[in-house]
Every structure is written in C-alpha cells, then in structure tokens.
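Me: I've got a fold to look over before group meeting. Can you walk me through it?

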Amino acid sequence: MKVSVHCASCLLHRGYLEARRATTDPQRQFAAVQALLKLMAKEFTPNAVPAVLGTKRDRLVREITGNPDPYLEAKRRSNKKALELLPLVRKMMSEESSDWLRFRRACLSSIAANSIEFDVLGHDFDHEQLRSLILRAEEELAIDDLDKLYRMAGEVDTILLLTDNAGEIAFDTLLVEELKRLGAEVVVAVRGGPALNDALMEDAESVGMTRVADKVIDTGVDMVGVMLEECSEEFLEVYRSADLVVAKGMANLETLTEYPFKTPHIFLLRTKCEPVARFFGVDVGRNVAKLLGPNS
C-alpha cells in the first residue's frame, strides 16, 4: 500500500509527538523533528510505503533522543488495562450459543482492541473507551469475512498470527485459543524490537500469549509492519510455510500488500486513518475482517 497526501501530515504529527514522549530536552526534540523533515523531503514519494517511512522516522527519533523505547510505559499500561477487561470478554464468549458465535466474539474483541494505538492523527484513543468499543464491535463491523476465517481455520494445519499493538495482544490470546480449538497449530509473531506501541516478546509474556500459542517468535527487526527483506530467516521460514496468515492492524496491511499473496491472508483491524479506510472503501472508525489472496 502506497502513501497518499494525507500520510504526510500523520507521519510528521506522529514523529513530533513521539519526540516529545522520548525526551523533555527541547534541543533533542528539535533535532529529531528537523531530521524527520529532512527524511520526508527525501523519501516522501508516490512509491513510498507509510509503515516503511514510519519505521525510518521512529529509528531517527530513538537515535537522536537516546530513548530506546519511547512507548514503553504506554505499552505496559495498555497490557494492564487490557487484562482487566479480559474477564468481560471471556464471560461474553461463554454466553454464546454455539462454537461459531464464541469464535466470532473472540475475533470481534480482538479487532476492537486494535484501537489501542497512540498519536495517530485523528484517532484519539483512551483506555476508558475500550469497553464500549468491544461491546459495539459487531455493529461497527464494516467488512465481515469471519465466516471464511472460521471455515479455513478448521481446514488448515498451521496458522501464523501477526500481532500489532501491546494491550491488543491480550485479546489476541482469546483468538489464538479459538483457532487452536479448531485444530490448527498457531504460531504468533511479535516485533523484533521497539516499534511505536507494537507488542514485543515481553508483552507476549506479560499477557500470557507465550502460554497460549504453540510458539511465539519475533520478526527479527524493529519494523512497523512486515517488510520481508528485513525479517529474520526464522520468521521468513514460518511465514512462508504457514497455510493461513492472520494479520492484525494497519501497518501489517500497508506492508504485506506490497507482495503477491501466495497463501490466504486475513486482515483484522480497525480503520484509524483515511488512507486505510479508503483502501477498504469504508469509513474511518470501522472494524474490518478482510480475506485477501488465494481463495478470497
């Protein structure tokens, strides 16, 4: 997925806020923003990918400010708040009248939790919103390929789940449980290094994902999304051998759509910006479950 004009303001806005998160030193903040402007002037072209530019931006901010993980505390708070809501979702799932509806509830909650993201222009998230987002996840589902996911998950041997944000990954544990219940082996991948508020291995451990998934690996790189050229051989082996890929969030969409799909990919996300919403032909602030690739 290529950038649109709208992406310029978001990339700059997010970089500015990230620099402020990273340091209170105004000189370092200024230097980070100045470096970002130079990066954008050079690389904001029609063929650029938003998440790739975002990765380069984040690396600049971390290097110049000296803060290796500006979103660390935000991630830890997100995990804590998510775990507090998990019993509510488990109760909702237990009250469903069939395996399909229980599976669907897990998916919807996982998608709604994709709203846990900070500093996106036009997306003002607060943890107090999460409960209501989960409760109305069904009515805000604009594209619904969950029946296809349910069917395919019962037919394949291996599934790779690509996570997105911290906090969100707690709700992904419920989805993984349901995918495994359908008979598949489920491998979960987190980022290989700090990338915005995306989940790392420590987040997977803190929410219990390492106890739920058959295996948890990382991409081998501190990249927003998945650019295959930068990923580790371990990750690539799992990605290429999976029968089905479940990808959470906008950055995974932005990057993976740059490659031909050799296996089915289902994207589970909330549209938090205009370009992604336009990609799917839906409004901003809607839930999406979209199958792309073979058999879509």
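Reply: One term before we start: contact means heavy atoms within 4.5 Å. Two notes on the source. This is a predicted model, where local features need pLDDT of at least 70, side-chain atom pairs count only at pLDDT 80 or more, and totals for chains, interfaces and linings use all residues. Residues are numbered from 1 along each chain as its sequence is written, and side-chain values use heavy atoms, with hydrogens and water left out.

Me: Good. What is valine 246 in contact with, leaving aside its neighbours within four places in sequence?

Reply: Leu149, Ile159, Leu160, Leu161, Leu162, Leu175, Ile266 and Leu268.

Me: And which residues have the most contacts inside the largest nonpolar core?

Reply: Leu149, Ile159, Phe171, Met209, Val246 and Leu268, in a core of 59 residues. A nonpolar core here is a set of buried Ala, Val, Leu, Ile, Met, Phe, Trp, Tyr and Cys residues joined through side-chain atoms within 4.5 Å. Buried means under 20% relative accessible area, exposed over 50%, and partly exposed in between, with a 1.4 Å probe and protein chains only. A second, separate core has 34 residues, including Ala189, Met227, Phe235 and Tyr259.

Me: Switch to the sheet. What's the strand order?

Reply: S1-S7-S6-S5-S2-S3-S4, in an open sheet of seven strands with mixed pairing. Strands (E, at least two residues) and helices (H or I, at least four) are DSSP runs, numbered from the N terminus. Two strands pair if DSSP finds at least two bridges between them.

Me: Which strands are at the edges?

Reply: S1 (141-144) and S4, each pairing on one side only. S1 pairs in the parallel sense with S7 (residues 287-292), over three bridges. There, leucine 141 has asparagine 287 of S7 as its bridge partner.

Me: Remind me, what do strands of a sheet pair through?

Reply: Backbone hydrogen bonds, either parallel or antiparallel.

Me: What does S5 pair with?

Reply: S2 (residues 158-162) is joined to S5 by four bridges, running parallel. In that pair, leucine 162 stands opposite alanine 247. S6 (residues 265-270) is also parallel to S5, again with four bridges. Valine 246 stands opposite isoleucine 266 there.

Me: What do S5, H12 and S6 make?

Reply: A right-handed β-α-β unit, with H12 spanning residues 250-256. Right-handed means that, with the strands pointing away from the viewer, the path from the first strand over the helix to the second runs clockwise.

Me: Now helices. Which strands does H8 lie across?

Reply: S2, S3 (185-190), S5 and S6, running at about 160° to S3. For that angle, axes are lines fitted to C-alpha atoms, for helices over the stretch in contact, and angles run from 0 to 180 degrees between N-to-C directions.

Me: Take leucine 174 in H8. Buried or exposed?

Reply: Leucine 174 is buried, at a relative accessible area of 0%. Not counting residues up to four places away in sequence, leucine 174 touches Leu86, Val89, Arg90, Met93 and Ala106.

Me: New topic: where's asparagine 114?

Reply: In the loop between H5 and H6. Asparagine 114 counts as buried because its relative accessibility is 0%. Its side chain makes a polar contact with the side chain of glutamate 168, at 3.1 Å. A polar contact is a pair of N or O atoms within 3.5 Å; within protein, one must be able to donate a hydrogen and the other to accept it, and residues adjacent in sequence count only if both atoms are side-chain atoms.

Me: Last one: where is threonine 219?

Reply: In the loop between S4 (215-218) and H11 (233-241). Threonine 219 is buried, with a relative accessible area of 1%. A polar atom of its side chain lies 3.2 Å from the backbone nitrogen of glycine 192. Its contacts include Val190, Gly192, Cys231 and Phe235.
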